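The following note was prepared for a colleague who has asked for a reading of the chain interfaces and selected local geometry. It is arranged as numbered points.

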Protein chains: 4
Amino acid sequence: MAVVLAHHSYGKSRVRLTKVTRLAGRHEVRELLVAITLEGDFALSHTVGDNRLVIPTDTMKNVVYALAKQHRLESIEDFAMALADHFLEHHGHVAASIIRITEQPLLRIRIGDLEHPHAFAGAAREVETCGVKRSRGGPIVESGLDELFLLKTTGSAFTGFLRDRYTTLADASDRLLATMLTAEWRYADATVSWNSARETIRRALVQTFAEHESLSVQHTLHAMGSAALAACPAIDRITLSMPNKHRILVDLGPFGLENAGEVFVATDEPHGTITGTLARG
Amino acid sequence: MAVVLAHHSYGKSRVRLTKVTRLAGRHEVRELLVAITLEGDFALSHTVGDNRLVIPTDTMKNVVYALAKQHRLESIEDFAMALADHFLEHHGHVAASIIRITEQPLLRIRIGDLEHPHAFAGAAREVETCGVKRSRGGPIVESGLDELFLLKTTGSAFTGFLRDRYTTLADASDRLLATMLTAEWRYADATVSWNSARETIRRALVQTFAEHESLSVQHTLHAMGSAALAACPAIDRITLSMPNKHRILVDLGPFGLENAGEVFVATDEPHGTITGTLARG
Amino acid sequence: MAVVLAHHSYGKSRVRLTKVTRLAGRHEVRELLVAITLEGDFALSHTVGDNRLVIPTDTMKNVVYALAKQHRLESIEDFAMALADHFLEHHGHVAASIIRITEQPLLRIRIGDLEHPHAFAGAAREVETCGVKRSRGGPIVESGLDELFLLKTTGSAFTGFLRDRYTTLADASDRLLATMLTAEWRYADATVSWNSARETIRRALVQTFAEHESLSVQHTLHAMGSAALAACPAIDRITLSMPNKHRILVDLGPFGLENAGEVFVATDEPHGTITGTLARG
Amino acid sequence: MAVVLAHHSYGKSRVRLTKVTRLAGRHEVRELLVAITLEGDFALSHTVGDNRLVIPTDTMKNVVYALAKQHRLESIEDFAMALADHFLEHHGHVAASIIRITEQPLLRIRIGDLEHPHAFAGAAREVETCGVKRSRGGPIVESGLDELFLLKTTGSAFTGFLRDRYTTLADASDRLLATMLTAEWRYADATVSWNSARETIRRALVQTFAEHESLSVQHTLHAMGSAALAACPAIDRITLSMPNKHRILVDLGPFGLENAGEVFVATDEPHGTITGTLARG
């Protein structure tokens, strides 16, 4: 039976890039999801397993990070074109390169009228929540927020932790800190103005995240919860859950490039999970 | 063997409420996700199948819609308390009612400096996309957006459609229109300023959605695509996909209440799917 | 500016069909997800809002249910062809109809060597879980399962429940019962053979679901939990969560068809949520 | 204002473990999702950022892989207990360790009556699909399957690929191969028995995956598609999409352990994406 390879393509999907541009007094940050597809003279890898012309998809991923280091990334279209050009220019047997980029813009956190120089919140997915439990003794009201993405590009360290034979993590004196915040607070006073209380608490949480000099996620969680309790007398306890959504520095050394805290890979799993409940003493 | 019913509760989850408040010249709209749990004297339904004290979860859903009609819904906490109170006050065998509400706030669409009176966009989930296909002949650049939720509370009709023996749908001269917009446009001119082109096109799409007197989703899709082509000369075609995310008027008649376009159930499936590509003639 | 409608299509997505074929002594059941797309002479609805040739997507949904009643549904391909033919045959202005069907097959529950005549489990998504909490006092081991879909086509009723002014639900003496089971049991004896204990408990849960004459979800939950405790002496308590995944009988009356418990719409939201914990007395 | 840290815990979530046990002539494989939570004397990290007692969540992840190497993993409960014990035994300031494990069992692929020694399929999520496009010229029928997870523990290599300055990937002469197969085939003959054709094609795809000596994903894709065309004369083309769901060998060297192809981390992103269409010549 004769079989024809009527169409074939291959590539790398879901390459997650975090790029920090560290200007004086102001950091820019973008988080992109990149997919690369190549078409061209790859039939022999299909038919006889001859891989000599196959650019590994692992290499495509490396190209994303290496070019990200050298690109200004002012628009996703410009960066996509640079990636598309790369494969055509370096590999004569590539007939077409297809780049797809998806971005969910990050918004700069504001403190009063000022934009924060290095702290950001995600526009997307945040929801407001509340729960009322009413038994014959009266209502308990808890409100909260969920899926609020927060990221800061400096002002976060993690050093001096316990070391044993299973420890491979290095001290980090200046790392990216990203989390997807879930908060839930309980009202001691059910006559409060719910909407303005919510606004006050959310502002305290977000601004403290931005301004706190973090020595660990736990440390920042504690500061955020304390700030919420201080800002809104109507609540008597608050629980925060802050997964540590790791942004891992990419090793660009093999490509002869320095990575001065600029190019990171965003990961979802595994992730740290830090939870704490703060109450009035 | 003796078995003890150590704990039991039941309720209704994922009750989706859309509430429109039709003020003169300005509509308010909120979309909530409500869950209700009751605890109390329901053990006989477990042990012997005696349902006489069981409030059906279908009734709980009805209560959400009936109370939504009569509640100002200024905060989710107030509405949750009204729901929690309802079950305790009307049913002596209910020991506790637990209400959970989740809301993703809708933002009013702006036209220049003005807020639109009845058109809204969801803050959440929207992403920016681009795709570059580069072959030896030069690049093709397509940009777009995805997961942009749009809703308007008036200015949308669907009447005069084909009727056959399978038609049960009634004409609607004034309905809610909700969609999750996906758009993709192709650049004829690759020297454009990408970011400002994107902004121009997005604004044309969103404002046309808000202002168009819609005779069908198709009709609005065509107007939106035409507006985008008119606003940005650098693109030569645009494809829009607009699922019809139905908001269905709840029949409050059984509860002695009128529903003058105020209380709707939001549904995800099934949904209409309307797609069109507009190009320069 | 001249604008051309270069391509357009529309249709209905995520139409969920449950079809029961009630043979003597043995029921067949299939759950399908159907999508319909039509191409043809629909341009006027786009350009001027003239809907006279528009077959509402609501009608397409009705066609799925009406044809399902009359089709043997021996393969999804045959049913897709019948749907595709319908729109071409009845509407001369339809140029092409595109039907997509997705099915996740249901497996008949076995009792010993016998296939159950009317009870089914979903192959998909089920996971095994365990949790160990170890403090200085010794371990607590809980195991469970999650996302086990169960459905029976008869042997389930819900009647005689509390009625008040918000009740619109009718008594159902013979309904479909579907749930996505989550179970978690606690071991009193940590020297048990974990894998065979799990197998014993799962079998007790599934077989009791199949064989129980259900007067409510609560009633079946209680029977299932009791059976698990009886089957496995090593556990001392079990918590079951059983959302009521409603399958709602479709009204085929408008199409001149009787629906004798054959054609249902599957829904995910809202859904009832029933939870109970059973322990040894 | 006095603030009390009323509760706190932390840990690592979504640690993905693939464990291969290489018996003579027969491999066992399990894929687990592990979460670890610790409670204990960690308050100083919250209140003053003193991390000296903090076991990094990165270390917890390392412990999962190191213990997996040394554990027989006959039940998830046993492994959870070993993990729980580890943290209590090695760290006196840990008051409680909570381990949660989720597993979706893999099924051994069968060739006739025989179980394959090293190839597996996931029970879950697989769906059957079909699409019919009917225009005035007659129907086109395409059927397929989606979300079929396949994994083999040997018989897969990737060597001799193109190397340039961005290549860091090493040759792999014996690696794990995992994919989530999507297949779609087109019928040239619409009088076929759909269900038996589907069964024949699925068997050809799965068995070829199991038995093929893979030199690349492309190579196996080509063999699988060719086998389907050979097995079912009624189809004239088949498109396969095979993401390369990488299973990455964990470096256990820092813990003084050898990893002879036994302990892997399962990853979802980034992933390779290989697509090909095979047709009759």
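This is a predicted model: local features need pLDDT of at least 70, side-chain atom pairs count only at pLDDT 80 or more; totals for chains, interfaces and linings use all residues.

1. Interface of chains A and D. In this pairing, 76 residues of chain A are in contact with 76 residues of chain D. The two chains bury about 6300 Å² between them, and carbon and sulfur atoms give 57% of that area. Four salt bridges are found across the interface of chain A and chain D. E269(A) forms a salt bridge with R16(D), where the closest N and O atoms are 2.6 Å apart.

2. Interface of chains C and D. Here 46 residues of chain C are in contact with 46 residues of chain D. The buried area is about 3600 Å², with 53% of it on carbon and sulfur atoms. Of the area that chain C buries against chain D, 19% is supplied by E77(C), R134(C) and R136(C), more than by any other three residues. Across the interface of chain C and chain D, six salt bridges are found. E39(C) forms a salt bridge with K133(D), the closest N and O atoms being 3.6 Å apart.

3. On the side of α4(C), the residues are W194(C), N195(C) and R198(C), and they meet I76(D), E77(D), D78(D) and M81(D) in α3(D). By class, this contact of α4(C) with α3(D) has three nonpolar, one polar and three charged residues.

4. Pairs of chains without contact. Chain A and chain C are joined by no contact, and their closest C-alpha atoms lie 17 Å apart. No contact joins chain B and chain D either, and the closest C-alpha atoms of chain B and chain D lie 17 Å apart.

5. Helix packing within chain A. Helix α2 (residues 57–70) and helix α3 (residues 76–90) of chain A pack at an angle of about 130°, and their axes are 11 Å apart. This angle makes α2(A) oblique to α3(A), and the crossing of the two helices is right-handed. From α2(A), the contact involves M60(A), V63(A), V64(A), L67(A) and A68(A), while α3(A) contributes F79(A), A82(A), L83(A), H86(A) and F87(A). The residues of this contact divide into nine nonpolar, one polar and no charged.

6. Salt bridges over the whole structure. How many salt bridges does a search of the whole structure find? Over all chains, the search finds 88 salt bridges. Within chain B, E103(B) forms a salt bridge with R30(B), and the closest N and O atoms are 2.7 Å apart. This pair links distant parts of the chain, with E103(B) in strand β3 (residues 94–103) of chain B and R30(B) in strand β2 (residues 26–40) of chain B, 73 residues apart.

7. Backbone geometry. Most residues other than glycine have a negative phi, and most peptide bonds are trans. The peptide bond from E269(B) to P270(B) is cis, with omega near -5°, and P270(B) is in the loop between β11 (263–266) and β12 (271–280) of chain B. In chain C, a cis peptide bond joins E269(C) and P270(C), with omega about -5°. P270(C) lies in the loop between β11 (263–266) and β12 (271–280) of chain C. E147(A), although not a glycine, has a positive phi of about 60°; E147(A) lies in strand β7 (residues 138–152) of chain A.

Technical notes. Residues are numbered from 1 along each chain as its sequence is written. Chains are lettered from A and ligands numbered from 1 in the order in which they are written. Side-chain values use heavy atoms; hydrogens and water are left out. Axes are lines fitted to C-alpha atoms, for helices over the stretch in contact, and angles run from 0 to 180 degrees between N-to-C directions. Helices (H or I, at least four residues) and strands (E, at least two) are DSSP runs, numbered from the N terminus. Angles under 35 degrees count as roughly parallel, over 145 as roughly antiparallel, 65 to 115 as roughly perpendicular and the rest as oblique. A crossing is left-handed if the near helix is turned anticlockwise from the far one by less than a right angle, and right-handed if clockwise. Contact means heavy atoms within 4.5 Å. Ala, Val, Leu, Ile, Met, Phe, Trp, Tyr, Cys and Pro count as nonpolar, Asp, Glu, Lys and Arg as charged, and the others, Gly among them, as polar. Buried area is the accessible area (1.4 Å probe) that two parts lose on being put together, summed over both. A salt bridge is a side-chain nitrogen of Lys or Arg within 4 Å of a carboxyl oxygen of Asp or Glu.
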